[in-house]
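The stops below take you through one surface patch and then a series of charged pairs.

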Amino acid sequence: KATSKKVITREEWEKKLNAVKLRKQDMNTLVMNFLVTEGYVDAAAKFQRESGTKPEIDLATITDRMAVKKAVQNGHVEDAIEKVNDLNPEILDTNPELFFHLQQQRLIELIRQGKTEEALEFAQEELAPRGEENQAFLQELEKTVALLVFEDASNSPVKDLLDISHRLKTASEVNAAILTSQSHEKDPKLPSLLKMLIWAQNQLDEKAVYPHINDLSTGQLEDPPE
Amino acid sequence: MPTTTSSSSFSSAASSSGNRQADVFSRLASSDPEVKLKALREVKNQIIGNRTKKLSFLKLGAVPAIASALSDSECNSILVQSAAALGSFACGFEAGVQAVLDAGVFPRLLRLLTSSDEKVVDAGARSLRMIFQSNQAPKYDFLQEKNMEFLFSLLNSENENVSGLGASIIAHACGTTVEQQVLCEAGVLEKLVILLDGSLSQREACLESLATVLKNNPEAVSRFVGLEAGRYLSSVTELTKDRYPRTRLLSCLCLVVIYNTSPSYFLNMGTKSSLVTTLLELLNDPGQSGDEAALGLSSLIAEKEDLQKLAYEANAIKNIVDILKTGSELHPKRLQGLFLSLAELCSKLEDCRCSFLSLEMLDLLVNALRHNNADVRTAACICFRNAARSVKNLSAGRFTNDHVMLPLVQLLHDPSSSVQVAVLGALSNIVLDFSSPKSTFIEYGGIKQLIELSKSMDPNARCSALRALRNLMFLADNKRKELFYSEVKAQGFVSLISDPEPTVQEQGLALLRNLVDGCINSIEFVFDEEGLILDTVGRQLRKSPQAQMAIQGMYVLTNVASGTELHKEAVMQQLFPQPQAESNNFMLKFLQSHESQLRSATVWTIINLISPSSPGALDRHVKLREEGIIPQLKNMVNDSCLDVKVHKRS
């Protein structure tokens, strides 16, 4: 059955796009929201100066939060924990999953540094009780402890844990928890908008042939394949 | 664990950590403020999030040490760290709360709220809030004026932690209607609703405290709904769609409270429906919100057939069963809530029961009977009780096999009386299974256990045990009745029907009614030990009993009067004992009762007494006429109760 989709040329499409009115301040707000949520304090302050856009939260609180995030990203988990507790002692006391992940990261860092004895001690003293207190953590705990078993952990089935991306994951989790405790939304708006764009294009694909944005980072319109 | 480790390494790990803890503990007592501060920070950072450490530091005696540090110092950093440490001990950890309160540091924490240093205020407010979330929190006397002033000063504070503390105190310490009244009159609702527009933690504290103030208090609810023409009720309803699950939960619980107190504000079916579905969604939340959502749901649909239907149509049963089947360890509170919700769903709707029973749930339910938490066991029993109301499934033998019966019967010995009462309720329904000629229950020595429980200290247990026996003896054959008689003789039975609690007496008489029903030999029981039981029944009937008891008593007489000449005469003796200077003609009173069942039972007795087939019928008829009974009957030709009319005609 031949598709009877409407065909929209590049010219027509661009004309339609140009007809959509956007407000500059909406875009500024989006950018500020992104900078603030991701914690780019200096950029946010500069952007505020240059564009006059007001940040939605006090930039000073961002500094504290960023210090925590940075500490985790650099593998200084114990330092990060102390900073979070200074900021708000309730966060870790009421977020068992986050606390477990931080402890887990600590163990990973000890293993990475080759401090096997200390790692074992830490696993037994700090992580084992978490597993006892909450069965949901047992599986992850076992995976982490498995790092100790392998001669060459970085080539083991659990090597993902040693990856830097795991630090980033933990850092992101802490960041989100702090934002929530400050009643701020933990996700910036920008990604949601982009997801909406992709969804809308998928929906429209069923009815029309038109120029797509395939590369989100450039936003370039590409002619549809023939 | 890896094989490279040895046991000595484990013990050295344990002892070195123990040493570290002892070391930091000793530094807490240091006179050097720098050292002390560092030690406080260390302890705080070790215990936050770590229940195990909280326990071990607790055992070392850390709490009193930290409390002294707090009390003896004026240095802000020490105040902040020690307050934070104490707050952490109290966070979700009952032993910690106890220790903090025992250390007598509560007043000092209160004084921190007036500090000029914002961080000190924050630390103090947080710790106090943790304490007030516990059941052990000191009672807050709302009726004292200065306490009210203080409370309002908290609510008025700009500091989010402080106003949250105010709301928390209300949420957890307000208990009685009087307190609710006093708070409302002082304007607490107006203060609390401001927090609805505040930060996340303020909103949540507000919702919790609103629920407490409004609970079961129609006046308070009406006051709340009246604020700005219902604006805040709408706000709370809106919050059920909030992004944060805990906010959705707390606003739902608030609405459940309002609905249970004053349903008229929820005429709109849409609101009821979305409340049910939101709670159902929240059931899937793995954290505390999910636990509380389950209890909230059971509270919402309790006794409300329309909401049960809504929930059923929204696939509640399948959802709940899926959660129960996930196999992971569920929090006892959540289990209790889920089972209670299922029980409520099955309470009136046969579709629910069939649906539930078709989902292979019995194993899960049976396991719950063995759960170590009494509330869970109770909830599971209630679930059984309601599911067993399904005659179809009952007669299919679903409940009467060993697999189900044995654990149920074992619960008759449960240390918790609420479990006992609940299992008795379940058994009462299950023993009504007429299709099985033999009863597993009886084989397990059930009768003996029921008789044991009929002598319990708990009147609810006595009542439920007798109800179960009553059901067991309904249309029972002599063999089954014998099992009862072998354990309970006339004297023993008399104490059952003379119980101080009227509800227990009623069940006892109902049991007697079933015992003497059936063949003529059954009647002999009331004549044992020179008619002890019959005399007791007669005496009770003459004492102006409550309607329900009278009904059962008269049915006993009806059954006795259906027997031989001797039996009928004995009944007459009880109705009109001689000599009676003043005739306490309770029969007449009963015939004029508002309760149609009582009128009916009395008429039945009379019918049996004057049934023409027996020799002494005529004499008895004469006697009854003399006492004014027959004329009364003639007046009742057009009795509103059809039953009575029919009997009368015959």
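Select A:Leu193 first: at 44% relative accessibility this residue counts as partly exposed, because that class lies between buried, under 20% relative accessible area, and exposed, over 50%, with a 1.4 Å probe and protein chains only. A:Leu193 sits in helix α11 (residues 189-205) of chain A, where helices are DSSP runs of H or I with at least four residues, strands are runs of E with at least two, and both are numbered from the N terminus.

This is a predicted model, in which local features need pLDDT of at least 70 and side-chain atom pairs count only at pLDDT 80 or more, while totals for chains, interfaces and linings use all residues. Residues are numbered from 1 along each chain as its sequence is written, chains are lettered from A and ligands numbered from 1 in the order in which they are written, and side-chain values use heavy atoms, with hydrogens and water left out.

Turn next to the charged pairs. Over all chains the structure holds 36 salt bridges, each a side-chain nitrogen of Lys or Arg within 4 Å of a carboxyl oxygen of Asp or Glu.

Select B:Arg41 and A:Asp86, whose closest N and O atoms are 2.3 Å apart in a salt bridge. B:Arg41 lies in helix α2 (residues 33-47) of chain B and A:Asp86 in helix α5 (residues 77-87) of chain A, so this pair joins two chains. B:Arg41 is partly exposed at 26% relative accessibility, and A:Asp86 is also partly exposed, at 36%.

Stay with chain B and pick B:Arg620 and B:Glu569, which meet in a salt bridge at 2.9 Å, N to O. The former is in helix α39 (residues 617-626) and the latter in helix α36 (residues 565-575), 51 residues apart. B:Arg620 is buried, with a relative accessible area of 1%, whereas B:Glu569 counts as partly exposed at 37%.

For the last stop, select A:Glu121, A:Glu125, A:Glu126, B:Arg20 and B:Lys53, which are linked in a network of salt bridges.
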